[in-house]
There are 4 protein chains.
Amino acid sequence: MMGEYGDAAGEAHDEQLVAWRRELHRYPGPGFGEFYAADMVARYLRRIGFTVRIGSEAMDSSAILHFDAQRVDEAYRAAVAAGIDQVAARRMRDGGTAVVADLCGRPGPLVGLRFDMDALPIIEAESAKHPPAKWRFRSEVPGLMHACGHDGHMAIGLGVASVLAARASRLNGGIRLIFQPAEEGTPGGAASIRDRGLVDDVDYMICSHLGLGVSTGEIVCRAYFLATSKYRAEFRGRGAHVTNSPQDGRNALLAACSAALAIHAIAPHSQGWFNTNVGVLSGGDEQGITPSWSSMQLGFWAENSEVHDYIDGEVSRILRGSAIAWGVESEATLVGRAPTAPQNGDLASLLGECAEAVPGVTSVVDTIGCKAGEDANIFLAEVAAHGGQGIYVVIGSDLRGGHHTPDFDFDERSLSIGRSVLASTCLSLLGAGTGDCGT
Amino acid sequence: MMGEYGDAAGEAHDEQLVAWRRELHRYPGPGFGEFYAADMVARYLRRIGFTVRIGSEAMDSSAILHFDAQRVDEAYRAAVAAGIDQVAARRMRDGGTAVVADLCGRPGPLVGLRFDMDALPIIEAESAKHPPAKWRFRSEVPGLMHACGHDGHMAIGLGVASVLAARASRLNGGIRLIFQPAEEGTPGGAASIRDRGLVDDVDYMICSHLGLGVSTGEIVCRAYFLATSKYRAEFRGRGAHVTNSPQDGRNALLAACSAALAIHAIAPHSQGWFNTNVGVLSGGDEQGITPSWSSMQLGFWAENSEVHDYIDGEVSRILRGSAIAWGVESEATLVGRAPTAPQNGDLASLLGECAEAVPGVTSVVDTIGCKAGEDANIFLAEVAAHGGQGIYVVIGSDLRGGHHTPDFDFDERSLSIGRSVLASTCLSLLGAGTGDCGT
Amino acid sequence: MMGEYGDAAGEAHDEQLVAWRRELHRYPGPGFGEFYAADMVARYLRRIGFTVRIGSEAMDSSAILHFDAQRVDEAYRAAVAAGIDQVAARRMRDGGTAVVADLCGRPGPLVGLRFDMDALPIIEAESAKHPPAKWRFRSEVPGLMHACGHDGHMAIGLGVASVLAARASRLNGGIRLIFQPAEEGTPGGAASIRDRGLVDDVDYMICSHLGLGVSTGEIVCRAYFLATSKYRAEFRGRGAHVTNSPQDGRNALLAACSAALAIHAIAPHSQGWFNTNVGVLSGGDEQGITPSWSSMQLGFWAENSEVHDYIDGEVSRILRGSAIAWGVESEATLVGRAPTAPQNGDLASLLGECAEAVPGVTSVVDTIGCKAGEDANIFLAEVAAHGGQGIYVVIGSDLRGGHHTPDFDFDERSLSIGRSVLASTCLSLLGAGTGDCGT
Amino acid sequence: MMGEYGDAAGEAHDEQLVAWRRELHRYPGPGFGEFYAADMVARYLRRIGFTVRIGSEAMDSSAILHFDAQRVDEAYRAAVAAGIDQVAARRMRDGGTAVVADLCGRPGPLVGLRFDMDALPIIEAESAKHPPAKWRFRSEVPGLMHACGHDGHMAIGLGVASVLAARASRLNGGIRLIFQPAEEGTPGGAASIRDRGLVDDVDYMICSHLGLGVSTGEIVCRAYFLATSKYRAEFRGRGAHVTNSPQDGRNALLAACSAALAIHAIAPHSQGWFNTNVGVLSGGDEQGITPSWSSMQLGFWAENSEVHDYIDGEVSRILRGSAIAWGVESEATLVGRAPTAPQNGDLASLLGECAEAVPGVTSVVDTIGCKAGEDANIFLAEVAAHGGQGIYVVIGSDLRGGHHTPDFDFDERSLSIGRSVLASTCLSLLGAGTGDCGT
C-alpha cells in the first residue's frame with residue numbers, strides 16, 4: 001500500500017522528502033511504465049491544489065519513437081497489484097504516464113519545472129553496505145532500479161510543489177510541474193509532452209538533475225548536454241545452405257560488420273567532439289546457413305547540432321551503401337533523439353543568486369559540460385524557440401556507486417537543497433519573495 | 001505408449017518398416033537426447049537375439065565436444081513422460097544414448113552398419129499437404145522434427161536386424177549395428193562410440209543415408225563428404241561509457257566484425273573447394289557502452305583434409321590477430337569436427353551387385369560428392385586406418401521439401417529398398433546367400 | 001639486321017626452327033607492340049606463298065580494352081631502330097600488329113591456327129646458367145622478355161607454314177595462320193581479330209601452347225582454361241585538411257580498403273572454383289590530407305562462365321555500394337576478359353592420332369585443366385558458336401624456371417614436335433596425307 | 001647571384017624586409033636542403049656581428065627521423081648552381097643546414113627566437129593574379145615553393161637581428177637566433193638542434209608564425225598546437241600465383257586495408273580531440289599475384305600528450321595485430337613527431353604589451369588553438385623542462401590562398417610588424433628599452 005503525504009500546513013518538511021524518495025525508490029517503473037510514481041505524484045498534487053493532467057491530456061503518445069509494450073504491460077500489472085487506483089491506472093495505460101500539474105496565481109509569467117520518473121533495467125545491489133538495502137527501501141520490482149536518481153528528482157518536485165502551494169496567493173504568475181516518463185536509454189517522454197503543446201506557453205523552463213559528479217552543496221546553473229540519436233538498424237539478406245548453394249546467399253551479417261567498422265571510422269569534425277557506438281549487434285541463425293538477417297543498436301553523441309547532423313548523414317549513407325555492397329536490404333529506425341539546447345545567462349544568474357542563499361549550498365558554478373544526452377533538452381529547445389528562457393541545473397550530491405550501476409545511491413541531504421533552490425527561484429521569478437522556502 | 005514390433009517368424013515386413021518409421025517420427029529427440037528411439041531400438045534388438053550395449057558401454061561421453069545439457073534434460077523428461085522404461089532411461093541419461101548391438105554367427109569377419117538417430121530443432125509443418133500431418137504421425141515433441149530422415153534410417157536398421165536375426169545360423173561372421181546419437185549440427189556421436197573402441201574390430205563398415213538428391217530406386221555406392229569443423233569463438237574486451245571514457249573500452253564487437261570479414265576472405269586453395277561461414281555473431285549489451293564481449297559460431301567445409309587443415313590454421317591466426325589488433329582476448333572452442341574418409345571400391349562393387357538384384361532398384365551409381373560434412377566419416381576413417389573397408393551408401397528417395405526444412409518428407413518405398421540392399425550385402429559378406437532378404 | 005629464312009625446297013628444318021625462335025627471343029615486343037615479330041612473320045609467310053593481312057586488315061583496334069600507348073610507342077621506335085621496314089612498321093603502328101595469313105588449296109574446309117606473339121615486362125636473367133644468356137640470344141630490349149614461350153609458338157607457326165606451303169597443291173581446303181598480339185595480362189588481341197571477322201569462316205580452330213607443366217614428348221589434346229576478367233577500379237573522393245576540416249573529406253582510400261576486403265569475401269559458388277584478387281591498390285597523396293583518390297587493379301578467374309558472371313555481378317555491386325558507403329564516386333573499367341570455351345572431342349581424337357605418329361611424342365593425354373585465363377578462348381568460343389570445332393593443344397616442353405619468371409626457358413626439342421603435330425593434323429583435316437610433315 | 005644586405009647604420013628598413021623575403025622566395029629549399037637560405041642568413045648575421053654556428057655545430061643530424069637524400073642532393077646542386085659559397089655549402093651538406101647565431105651583451109638572460117626555413121613540394125601558381133608571379137619573385141626551383149610563409153619568417157628574423165645588432169651595447173643578456181630546417185611534413189629540424197644542446201641555456205624562447213587565419217594587425221601571444229606523430233608502416237607478405245597456389249600467398253595488402261580501417265576506428269578520447277589519417281597506402285604488383293607488400297603513411301594529431309600517447313599505443317597494436325591476422329610481417333618507422341608544449345602567461349603578457357605599442361598592430365589576443373602540429377613545440381617543451389619560459393606567437397597577415405596551396409601569398413606589411421613586435425619584446429626582456437625598434 002501507498003502512504004499518505006503532505007501535512008495540513010502545506011509545508012514539506014525534509015523528513016517528508018526522504019520518505020517520498022524512499023517510497024518511490026521501492027516501486028520503480030520502466031520508461032512509459034511509471035504507473036506507481038505517476039499515480040502517487042498526481043494524487044498529491046491534486047490534493048494540495050494543483051490542476052493535474054494525466055494520460056492523453058498530458059502527452060501525445062504518437063510522438064513515441066520506441067515503446068516496449070511487454071515491459072509496460074508488466075509494469076501496469078505490478079502497479080495495480082501494488083495498490084494504485086485502477087481508474088487512474090487505466091487512463092495512464094491508455095494515454096501515457098506523464099503528469100503535468102499547474103498552479104496559477106495572479107497574471108504573470110509561467111514557470112515550468114521538469115522532473116523525470118523512469119527507472120533502469122538494473123538489478124539493485126543487495127549488500128548491507130548499499131543504503132537502500134540497509135534501510136529497507138530497496139527496489140521491490142525485480143530487474144528494475146532507480147539507479148540514476150529520478151526518485152530523488154520526483155521527491156524534490158513534490159517538495160517544490162508543497163512550498164509553492166503554501167504560497168499560492170502570493171504568486172504573480174503560474175507554475176507548471178512536468179513529471180515526464182521515459183528519459184533514459186531510448187527516450188521519448190519529453191517529445192510526447194512537447195507535442196501536446198504543454199511547453200508552448202512556458203516563459204521560464206528549469207530542468208534539473210542530482211549528482212552528475214557534482215558534490216553535495218554545489219549547484220551548477222547550466223549543464224550543457226550532448227546532442228544524441230539512437231537507431232536500430234536492420235539488414236535483411238537471404239539464407240542459403242553454405243555448401244550446396246552459397247552463391248544464393250545474401251550475407252546480412254557481413255553487411256552489418258562492414259557497416260559497424262565504417263560507422264566507427266567516421267572522420268572527426270573540426271567543430272566538436274563526438275562519438276559513435278554500435279553497442280549491440282547480432283545476426284544469423286546457424287553455422288551452416290548464410291546469415292539472412294542482422295540487427296544493430298547504435299547511438300551517437302555530439303557536442304553540437306552541426307556535428308550531430310553530420311554524423312546522422314554519415315550513418316545513414318553508410319547503412320545504405322553497406323547494404324548495397326553486400327546485396328541486402330537495410331532499414332534504420334530512429335528510437336531516440338535529444339538535441340543540444342541554448343541556456344539563458346540571466347536565468348542562470350538568478351538561480352545562482354537564489355542558490356547562494358540556501359542553507360547547505362557551498363558553491364555555485366555557472367556552466368559545465370556533460371558527456372551525455374538529455375531528453376530535457378527538447379523542452380529547453382522548444383522554450384527558447386518561442387522566446388522563453390531555460391536552464392538545466394545540477395544539484396550536487398555525493399554518490400555511492402556511479403549513475404547506472406547497481407550500487408548507485410545519493411546523499412539525501414541534497415533533496416532539501418534542491419527543493420529550496422528550485423522553489424526559491426520560482427518564487428523570485430513570480431515576485432513572491434524567496435526567504436523561507438526551505439521550511 | 002509404444003507399440004510392439006516384429007513377428008514370430010523374425011521377418012520384418014514392409015508394413016512394419018513404415019510403422020516403425022512413423023512411430024519414431026512422432027517422438028524425435030535432440031542430439032544425445034534420443035531416449036525414446038534408443039530405448040525402442042534396444043528393446044527390439046534384444047528381443048530378436050542381439051547382444052545390446054547401451055549407456056556408457058556403448059559410448060565414451062568424454063569425447064563429446066558440445067553437449068546441450070538443458071535440451072537433453074528436457075528430452076529425458078519428455079521420453080519418461082512418453083512411457084519409456086525408467087531404468088533404461090537413467091542408464092542412457094548417465095552414460096549416453098548410443099545403442100550398439102551385436103549378432104554373432106560362426107567365425108568370420110565383423111560387418112558394421114551405422115544408423116543415426118537424432119532429430120533437428122525445427123517446427124514441423126502442419127499443412128494437410130504434409131504427409132506426417134495428413135497421416136497423423138507428425139512430431140509430438142514441440143520444436144523438434146525428424147527433418148533429415150534419421151527416422152527412416154532407424155527403421156531400415158531394425159529391418160536389417162530382423163532379416164539377419166532370422167538367418168543368424170547361416171552367418172559366417174558377425175554383425176554390429178551402431179545406432180549413433182548426435183550426427184547433426186555440432187555432432188559428436190560417432191567420436192564417442194569410436195573412442196569406446198567399438199569399431200576397432202570392424203572389418204566392413206557400411207554407413208548410409210536416405211535421399212540427398214538421389215531418386216527412389218537409385219543406389220549410390222560411395223558418397224564422399226566434406227571435411228568440416230565448427231567452432232565457437234569468443235572475444236572479451238572491456239566495456240566503457242562511450243562518452244565519459246571511450247578510451248577505456250576494448251571493443252570486442254569490432255574485433256569480431258573484423259575477424260568475420262577476414263575469415264570470409266581466406267584465400268582459395270588450389271587443391272580443392274571449400275567454404276567458411278560465420279553463421280551467428282552477437283555482441284554488446286547497450287548503445288551507450290563499448291561492447292565488452294562478442295561471440296561467433298563459425299564452420300568450414302573442405303573437399304579434403306589438406307584444405308581443411310589450411311583453413312583451420314588460417315581461422316586460428318585470424319582470431320588471434322584480430323584480438324590483438326582490437327586489444328581484446330579471444331578464445332576458440334571446437335564444437336564439432338568430421339574428417340573426409342577413404343572408401344573401398346571392392347566393397348562398393350559388392351554392394352552395387354547386391355543392389356541390382358533388389359526389387360525396386362532401377363540404377364546403381366558408383367560415386368557422388370556431397371557438399372556437407374558427415375559424422376560417419378569418423379567410423380570410415382577409423383576402419384580404414386586399421387585395414388578394414390568402408391563405404392557410405394545413399395539410398396535414393398524422392399523428397400517432399402528439402403532436408404532440414406519443415407516440409408521434409410521422403411518416399412517410404414525407399415525403406416524396404418534400403419533394408420534389402422543392406423541386408424543382402426551383409427549376407428553376401430558373411431557367406432550366407434542373398435536371394436531372399438527382402439521378405 | 002634480320003636474317004633470311006626458308007630454303008629452296010620449301011622445307012623448314014629443325015635448325016631453322018631453333019634459329020627463328022632465338023631471333024624472335026632477342027627482339028621481344030609488348031602487347032600490341034610486337035613490331036619486330038609481326039614484320040618478320042609477315043615477310044616470311046608472304047615469301048612462301050601465303051596471302052598476308054596486316055594492320056587494320058588483320059584486326060579491329062576499336063575492340064581493344066587496354067592499350068599502353070607509351071609502351072607501344074617505345075616498341076615502335078626500337079623496332080625501327082632494329083631495322084624493320086618503315087612502311088610496314090607504320091601500317092602496324094596505325095592499324096595494329098596482328099598478322100593473318102591464308103593459304104588456299106582446292107575447295108574444302110578452312111583450318112585456323114593461332115600463335116601469340118607478345119612478351120612480358122620482365123628483366124631476363126643474365127646468369128650463364130640461363131641458356132639464352134649462355135647461347136647469346138638473351139633479350140636485347142631492356143625490361144622485356146619472352147618469358148612464356150611465345151617466341152617458340154611463332155617459330156612453330158612458321159614451321160607449320162613451311163610444311164604446308166610445300167604441300168599447297170595437295171590441300172583440299174585452306175589454312176589460316178593467326179599471329180595474334182596481346183595475349184598476356186590485360187589482353188585484347190584475340191577480340192580485335194575476331195571483331196574483324198577473321199574466324200567467322202574457320203571450320204577447325206587449333207590453338208596451342210608450349211610447356212604449362214607438361215613434359216617434352218607429351219601432347220595434351222584439350223586444355224581447358226578459366227574464364228577471367230580484369231578491371232581497373234577508381235574511387236574519387238575529396239581531400240580535406242585532416243585537422244582543420246576532416247568532415248569535408250570523402251575518403252576514397254577507405255572505400256577501396258573496404259571494397260577490397262569485400263571482393264575477397266565473395267561467397268564461394270557451388271558450381272565451380274574461382275578466385276578474386278585485388279592485386280594492386282594505391283591511394284592518397286600525403287599524411288595530412290584525406291585521401292581524395294584510390295585505384296585498384298583486380299582480376300578474377302572462374303571454372304566456368306556461370307561462376308564468372310556471378311563474380312562479375314558481385315564485384316560490380318561491391319564497388320558501387322562501397323562508394324556509396326564512403327560517400328565517394330567509383331568507376332570500373334574492364335581491361336581484359338577471356339571466356340571459357342567448348343572443345344571438340346572428335347578434333348581432339350584426330351590430333352591425338354596424328355601426334356602418336358610424330359617422332360619424339362611419348363604420350364598423348366586427352367584433357368587437362370589449366371588454372372589461368374587464355375585469350376585464345378575467344379577464338380574457340382566464336383568458332384563453336386557458328387558450328388565449327390576447336391581445341392587448345394599443349395605441346396609438352398621441359399622448362400627451366402616457371403612461366404613468367406626471369407629464368408624461364410624451354411626445351412627446344414619441343415619446337416619440331418609441335419610443328420609436326422600441328423602440320424600433320426592440318427594435312428589430315430585437309431585430306432593431304434600426314435606421313436612426312438616433320439622433315 | 002645573391003644581393004647584399006643591411007646598411008651602414010645597422011638599421012633594417014621595411015624595404016629591406018620585403019627584398020629579403022622576395023629573394024628567399026625565389027630560392028626555396030626542401031627540408032634539410034635549405035642551402036641557399038642558410039647561406040644567405042649566415043653571411044648576413046656574421047657581417048652584423050653575430051657569432052654563427054652552421055653545419056654540425058648547429059645541429060645533430062643523428063636525431064633526424066626522415067631524410068630524403070635524393071631531394072637534398074638535388075637542392076645542394078641547385079644552390080651551388082645559384083652561386084652560394086662552396087665551402088659553406090659543403091659544411092652544410094655534411095653537417096646540416098641549421099643556422100644558430102648568438103649576440104651577447106652584458107650578463108643577463110638568454111632570449112631565443114626561432115625561424116623556420118624549409119619550403120614545400122608545391123608547384124607555384126603562374127597566374128598574373130599571384131603576386132610572386134606578377135612582381136617576378138616566383139620560385140625558381142621547379143616543384144618547390146615557399147607556400148607557408150617561411151620566407152617571411154626568415155626576413156623577420158633578419159630584421160630582428162638588424163635591430164638588435166644596432167643596439168648590442170645596451171643589451172643586458174644575449175640573443176640566440178635559431179634558423180631551423182625541416183619544419184614541414186615529417187619534420188626533424190627542431191629535434192636536431194635541441195639534441196646539439198642549443199636550447200639548454202635559453203631562458204626565454206619565442207617562436208612565431210605568419211598568418212594562420214589571423215588578420216594583418218592582429219597579434220596572438222600564445223598559439224597552442226596539437227601533438228603529432230607520423231609513421232611509415234610496411235607490411236611484408238608473400239606473393240603467390242592466385243590461381244595456381246593462392247594458399248601460398250600472404251596478403252600484405254588486405255592486412256593494410258584492415259589496419260587502415262581499424263586505425264580510423266580508434267575510439268574517441270574523453271580528454272581531447274584527435275584525428276588519425278592513413279594518408280597514403282599502396283601495395284601489390286599485379287593482378288595475378290597475391291600482394292606481397294604494402295606500405296602506408298599515417299599521421300595523427302591530438303590536443304594533448306595523453307591523447308597522443310593513447311593513439312600511439314592503439315596504432316602500434318593495430319599494426320601488429322593486423323599483421324598477425326593476415327599472416328604477414330609489419331614494421332612501423334617513426335618519421336616525424338612534435339609534442340604539445342606549455343606556454344608562459346607572463347611572457348605572453350609582456351609580448352602583448354610590447355605589441356600594443358607597435359604601429360600597425362590593431363589588436364592583441366592572448367590564446368588560440370591551432371589544429372596542426374608544430375616542430376617548434378620541441379623547443380618550447382625543452383625550455384619549459386629546464387625552467388625557462390616560452391611562447392608561440394602568431395603575427396597576423398591577410399592571406400591570398402591558404403597555407404600549403406599554389407596560390408598562397410601573405411600581406412608583406414606584416415613583415416615589419418612582426419620584426420618590431422619581436423625585437424621590441426627582446427629589448428624589453430634584456431632591459432634595453434623598446435621605443436624605437438621598428439625603424
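How many residues does the contact take from chain C, and how many from chain D?

Reply: Remember that this is a predicted model. The contact takes 42 residues from chain C and 42 residues from chain D.

Now the area. Chain C and chain D bury about 2800 Å² between them. Carbon and sulfur atoms carry 62% of that area. On the side of chain C, the residues that lose the most area to chain D are T243(C), L261(C) and Q287(C). Together they make up 25% of what that side buries.

Next, the links between atoms.

Which elements of chain C take part? Those that give two or more residues to the side touching chain D are β6 (218-236), α8 (252-264), β7 (274-283), β8 (293-302) and β10 (363-373) of chain C. The largest share comes from β7(C), with eight residues. By class, this side of chain C divides into 20 nonpolar, 18 polar and four charged residues.

Stay with β7(C). Three bridges join β7(C) to strand β7 (residues 274-283) of chain D. The two strands run antiparallel. Take one bridge: L281(C) has G283(D), in β7(D), as its partner.

Now turn to chain B and chain A. Here the contact takes 42 residues from chain B and 42 residues from chain A. The buried area is about 2800 Å², and carbon and sulfur atoms give 62% of it. In chain B, T243(B), L261(B) and Q287(B) lose the most area to chain A, together 26% of what that side buries. Zero salt bridges are found across this interface. The count of residue pairs in polar contact is 15, with both at pLDDT 80 or more. β7(B) gives the most to the side of chain B that touches chain A, eight residues. Three bridges join β7(B) to strand β7 (residues 274-283) of chain A, and these strands run antiparallel. In this pairing, L281(B) is the bridge partner of G283(A).

Last, confidence. The predictor gives the complex an ipTM of 0.84 and a pTM of 0.87. Chain A averages a pLDDT of 92, and 95% of its residues score at least 70. Over residues 1-12 of chain A the pLDDT is below 50. Over residues 435-439 of chain A, pLDDT stays under 50 too.

Conventions
Residues numbered from 1 in each chain as written. Chains lettered and ligands numbered in written order. Predicted model: local features only at pLDDT ≥ 70, side-chain atom pairs only at ≥ 80, totals over all residues. Heavy atoms only, no water. Contact = heavy atoms within 4.5 Å. Buried area = accessible area lost by both parts, 1.4 Å probe. Salt bridge = Lys/Arg side-chain N within 4 Å of Asp/Glu carboxyl O. Polar contact = N/O pair within 3.5 Å; in protein donor to acceptor, adjacent residues only side chain to side chain. Helix = DSSP H or I, 4+ residues; strand = E, 2+ residues; numbered from the N terminus. Pairing = 2+ DSSP bridges. pLDDT = per-residue confidence, 0-100. Nonpolar A, V, L, I, M, F, W, Y, C, P; charged D, E, K, R; others polar.
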